[in-house]
Amino acid sequence: MPKKTTKVAAAKTVQAKTPADNSITVQPKARSRGKRYSNTEKAEILTFVDKHNAERGRGGAAAASRKYKVSQLTIGNWLKEAGSPSPSRKTKTGDISKVLKRLGDIHKKMAKVEEELSTLRKEYAFLKAQL
């Protein structure tokens with residue numbers, strides 16, 4: 001008896017024999033949604049990430065991804081769900097005031113130079129018109 005196969009849209013087909021009449025039925029194969037991790041597995045991985053970040057400052061998700069074979073995106077999502085702070089760059093509060101002061105100085109200087117440029121453009125246009 002020849003086997004019958006039927007294509008099911010956007011799903012792989014699986015052939016199965018029914019024991020009663022020995023005929024072949026076609027059922028769509030369930031799509032895999034990836035591995036599911038238990039809470040203890042997640043906790044172990046997130047603990048590793050936090051420990052790694054505490055020691056080295058950053059790179060915990062990448063190291064955990066390599067060690068546990070879990071996507072960095074998945075680990076990042078777990079960290080967001082857990083409310084864990086992402087590793088941040090170390091900044092000094094004293095540096096911020098210096099940076100803000102420097103930004104203000106640069107802004108004033110740019111305004112002065114733009115004003116001078118405007119004057120030069122007007123003079124250029126006047127002289128060009130005389131030609």
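**Surface, core and pairs**

Mentor: The protein exposes about 11,800 Å², and carbon and sulfur atoms supply 56% of that area. Keep in mind that this is a predicted model.

Trainee: How many helices and strands does the secondary structure come to?

Mentor: There are 4 helices and 2 strands. Along the sequence the pattern reads β-β-α-α-α-α.

Trainee: And what share of the residues is buried?

Mentor: Of the 131 residues in the protein, 11% are buried.

Trainee: Which residues make up the largest nonpolar core?

Mentor: That core has 9 residues: Ile45, Leu46, Val49, Ala61, Ala64, Val70, Ile75, Trp78 and Leu79. Helix 1 (39–56), helix 2 (60–68) and helix 3 (72–82) each supply at least two residues of this core.

Trainee: What is tryptophan 78 in contact with, leaving aside neighbours within four places in sequence?

Mentor: With those neighbours set aside, tryptophan 78 contacts Tyr37, Lys42, Ile45, Leu46 and Val70.

Trainee: Aromatic pairs next. How many are there?

Mentor: The count is 2 aromatic pairs. One of them joins tyrosine 37 and tryptophan 78, edge-to-face, at 5.2 Å centre to centre with 75° between the planes.

Trainee: Why does that pair tie together parts that are apart in sequence?

Mentor: Tyrosine 37 lies in the loop between strand 2 (24–28) and helix 1, while tryptophan 78 lies in helix 3, so the pair ties together parts that are 41 residues apart in sequence.

Trainee: Is tryptophan 78 buried or exposed?

Mentor: Tryptophan 78 has a relative accessible area of 7%, so it is buried. Tyrosine 37 is partly exposed, at 22% relative accessibility.

Trainee: And which residues form the other pair?

Mentor: Phenylalanine 48 and tyrosine 68 form an edge-to-face aromatic pair, 5.7 Å centre to centre and 80° between the planes. This pair links distant parts of the chain, with phenylalanine 48 in helix 1 and tyrosine 68 in helix 2, 20 residues apart. Phenylalanine 48 is partly exposed at 22% relative accessibility, and tyrosine 68 is partly exposed at 23%.

Trainee: Let's switch to charges. How many salt bridges does the structure hold?

Mentor: It holds 3 salt bridges. Side chains of opposite charge can pair when their charged atoms come close.

Trainee: Where is the one with aspartate 105 and lysine 101?

Mentor: Both aspartate 105 and lysine 101 lie in helix 4, 4 residues apart, about one turn of the helix. Their side chains meet in a salt bridge at 3.6 Å, N to O. Aspartate 105 is partly exposed, with a relative accessible area of 33%, whereas lysine 101 is exposed at 57%.

Trainee: What about glutamate 41 and lysine 35?

Mentor: Their side chains meet in a salt bridge at 3.5 Å, N to O. Glutamate 41 counts as partly exposed at 30% relative accessibility, and lysine 35 is exposed at 52%.

Trainee: Which residue does arginine 56 form a salt bridge with?

Mentor: Arginine 56 bridges to glutamate 55, and the closest N and O atoms are 3.8 Å apart. Arginine 56 is exposed at 57% relative accessibility, and glutamate 55 is exposed at 54%.

Trainee: Last topic. Which residues form the nonpolar patch on the surface?

Mentor: Ile96, Val99, Leu100 and Leu103 form it, with about 390 Å² of accessible area together. Isoleucine 96 sits in helix 4 (residues 93–130) and is partly exposed, at 45% relative accessibility.

Methods. Residues are numbered from 1 along each chain as its sequence is written. This is a predicted model: local features need pLDDT of at least 70, side-chain atom pairs count only at pLDDT 80 or more; totals for chains, interfaces and linings use all residues. Side-chain values use heavy atoms; hydrogens and water are left out. A nonpolar core is a set of buried Ala, Val, Leu, Ile, Met, Phe, Trp, Tyr and Cys residues joined through side-chain atoms within 4.5 Å. Buried means under 20% relative accessible area, exposed over 50%, partly exposed in between (1.4 Å probe, protein chains only). Contact means heavy atoms within 4.5 Å. Patches are made of residues with over 30% relative accessible area and no salt bridge: like charges are joined within 9 Å, nonpolar side chains (Val, Leu, Ile, Met, Phe, Trp, Tyr) within 5 Å. Accessible areas come from the Shrake-Rupley method with a 1.4 Å probe; for residues, only the protein chains shown count as cover. A salt bridge is a side-chain nitrogen of Lys or Arg within 4 Å of a carboxyl oxygen of Asp or Glu. Rings of Phe, Tyr and Trp (its six-membered ring) pair if their centres lie within 6.5 Å; planes under 30 degrees apart count as stacked, over 60 as edge-to-face and the rest as tilted.
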